[in-house]
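Good morning, and thank you for coming.

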Amino acid sequence: MKPDQPLEPHPALPDYYPDLAQRPAFVRGLFDRTAGYYDRVNRLFSFGSGSWYRHRALLQAGLRPGMTVLDVAIGTGLVARQALAITGDPQSVVGLDVSAGMLAEVGRLLKIPLLQGLMEQLPVADARFDFVSMGYALRHVADLNATFREFHRVLRPGGTLLILEITRPAQPFKRALLKFYMGRLIPLLSRLTTGNRDMHTLMRYYWDTIEHCVPPETILDAIRTAGFAEAGCNVELGLFRAYFGRKAAAATN
Ligand SMILES: C[S@@+](CC[C@H](N)C(=O)[O-])C[C@H]1O[C@@H](n2cnc3c(N)ncnc32)[C@H](O)[C@@H]1O
């Protein structure tokens, strides 16, 4: 993999925007308009397991009390809340998101420092954090290589990266089943339970980006190419992936 070449997480999806240049504005607008419904829909369709899963993934990746965390793409704070429960200090977890709507929502729910910005260009000093987390947002960046380089830059030597993501199952039958559930049923039910048309689009877009996303090996390769000394991925049910990376203890940026 060429580290300086942009790596898009998926090709343009013309059902939503004509070309990739329009994607950032589309994504930001969609999250702005659905911020108030995101938690409710997430609780409904993760059957309450979302918080538990995020908490366990953070612990397994090595998050401990006293560490500093940057949670990128914080959304309504589903990962940050669990990070806070582990570190125990509201000043130790910093949240970042591009969407003003999401930041307003999380600001009501969590009293932690918040930053508005793009994860491809983090407004953060070098080697500032012990831990960088990102939940379910990898498919929205413009360039995976640039994003992972930024994660590496803001971690202190020995720091840890954790990325949670869903990937399409390899087996055609499982994939077709999931496509029906995530691509049809959840969007419909999201709209019916919230009365919000954008929620339907968000959940449909969620599946479409999963279906067209680059394979897990490409993501792992990009994490290594960004400079992480150790990288790996824990998979559950062939669907839930927790990618991790460790910055070398003596690394320079
Ligand atoms: C699906 S939500 C994930 C929220 C939360 N991390 C979770 O685990 O549920 C994705 C979030 O990524 C944010 N986002 C999308 N593209 C971004 C970018 N390029 N930089 C920063 N945040 C971005 C969106 O605004 C949204 O809040």
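The shell around the ligand consists of 13 nonpolar, four polar and two charged residues; here Ala, Val, Leu, Ile, Met, Phe, Trp, Tyr, Cys and Pro count as nonpolar, Asp, Glu, Lys and Arg as charged, and the others, Gly among them, as polar. This is a predicted model, in which local features need pLDDT of at least 70 and side-chain atom pairs count only at pLDDT 80 or more, while totals for chains, interfaces and linings use all residues. Residues are numbered from 1 along each chain as its sequence is written.

In all, 19 residues surround the ligand, the closest being A73, G75, S99, G135 and H140; a residue is near a molecule if its C-beta atom, placed from the backbone, lies within 6 Å of it. Helix 1 (23-45) and helix 3 (78-87) are the elements that give two or more residues to this shell. Helices (H or I, at least four residues) and strands (E, at least two) are DSSP runs, numbered from the N terminus.

I turn now to strand 2 (93-97). Five of its five residues are buried, so strand 2 is largely enclosed by the rest of the structure. Buried means that 20 or more other C-beta atoms, placed from the backbone, lie within 10 Å of the residue's own. V93, G95 and D97 cover one side, and V94 and L96 the other.

Strand 2 runs parallel to strand 1 (residues 69-72), joined by four bridges, and V94 is the bridge partner of L70. Three bridges join strand 2 to strand 3, also in parallel, with G95 opposite L114.

Methods
Buried ≥ 20, exposed ≤ 12 C-beta atoms within 10 Å, placed from the backbone. Pairing = 2+ DSSP bridges.
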